[in-house]
Amino acid sequence: MRYNDNNSVFSYIMSQMVKYPTEQVSTLAVSYQDGTILLYYNEEFCDKTKKYMNAWLKHECMHVLFGHCTSRKPEDETTHALWNIAFDLAVNQFLLMDLPSDEQLAELLEDTSGQVKLCVPTRGK
């Protein structure tokens, strides 16, 4: 799990993360526990979408930068899913050029259900 770009901010954040492969997440997730940034990633998802790995990793680093897993983390776990969507929209607006379209992502994941969607602001046509 490497970040391959010349952006020193993202490279530094990645170097501080403890990385864990797991099937407990379907994509990637970041958390902060006891002063340590933890990155959980699904190896199958990463293998299928490696073309977009820098975008995925930037996404997770931006959650750290914006305090989404520390000072802005909601205390009420019942609204976790809603906050997660809001946080993803806040991050993905800066990554529109790096992220795949919903159709490209569904194709990479071999998903024909039409349920694969990224939380991104509306893309221009």
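Which residues do ring pairs link into a cluster? I looked this up first in the predicted model. The cluster consists of Phe 45, Tyr 52 and Trp 56.

**Entry: aromatic pairs**

I then asked how many aromatic pairs there are by this rule. The count comes to five. I took up Tyr 20 and Tyr 40, whose pair is stacked, with 5.7 Å centre to centre and 20° between the planes. I placed Tyr 20 in strand S1 and Tyr 40 in strand S3, so this pair ties together parts that are 20 residues apart in sequence. For Tyr 20 I noted a relative accessibility of 38%, which counts as partly exposed. Tyr 40 is also noted as partly exposed, at 23% relative accessible area.

Phe 66 is partly exposed, with a relative accessible area of 28%. Phe 94 counts as exposed, at 52% relative accessibility.

**Entry: helix H1**

Which residues of helix H1 are buried? In H1, which runs over residues 8–16, I listed Phe 10, Ile 13 and Met 14. I checked how they are arranged around the axis: they cover an arc of only 100°, so they lie on the same side of H1. On the other side of H1 I noted Ser 8 and Tyr 12, which are exposed. I also looked up what covers the buried residues of H1, and the cover includes strand S1 (17–21), strand S3 (36–41) and helix H3 (53–65).

**Entry: nonpolar core**

I went on to the largest nonpolar core, which has 26 residues. Which of its residues touch the most other members? I wrote down Met 17, Leu 28, Trp 56, Val 64 and Leu 99. The elements that give two or more residues to this core are H1, strand S2 (28–33), S3, helix H2 (43–48) and H3. Of these I marked H3, which gives the most, with seven residues.

**Entry: salt bridges**

How many salt bridges does a search of the whole structure find? It finds two, and I looked at each.

In one, the side chains of Lys 48 and Glu 44 meet at 3.3 Å, N to O. I placed both residues in helix H2, four residues apart, about one turn of the helix. Lys 48 counts as partly exposed at 30% relative accessibility, while Glu 44 is exposed, with a relative accessible area of 53%.

In the other, the side chains of Asp 98 and Lys 58 meet, with 3.3 Å from N to O. This pair links distant parts of the chain: I found Asp 98 in the loop between H4 and H5 and Lys 58 in helix H3, 40 residues apart. Is Lys 58 buried or exposed? At 14% relative accessibility, Lys 58 counts as buried, because the limit for buried is under 20%. Asp 98 counts as partly exposed, at 31% relative accessibility.

**Entry: cysteines**

I searched the whole structure for disulfides, and the count is zero. I looked up Cys 61, which is buried with a relative accessible area of 0%. Cys 69 is buried too, with a relative accessible area of 10%.

**Entry: backbone at Asp 34**

What is the phi of Asp 34? I noted a value near 50°, which is positive in a residue other than glycine. Where does Asp 34 lie? I found Asp 34 in the loop between S2 and S3. At 82% relative accessibility, Asp 34 counts as exposed.

Methods: Residues numbered from 1 in each chain as written. Predicted model: local features only at pLDDT ≥ 70, side-chain atom pairs only at ≥ 80, totals over all residues. Heavy atoms only, no water. Buried < 20%, exposed > 50% of the residue type's maximum accessible area, 1.4 Å probe, protein only. Arc of directions from axis to C-beta. Contact = heavy atoms within 4.5 Å. Disulfide = S-S within 2.5 Å. Phe/Tyr/Trp six-rings, centres within 6.5 Å; stacked < 30°, edge-to-face > 60°. Core = buried A, V, L, I, M, F, W, Y, C linked by side-chain atoms within 4.5 Å. Salt bridge = Lys/Arg side-chain N within 4 Å of Asp/Glu carboxyl O.
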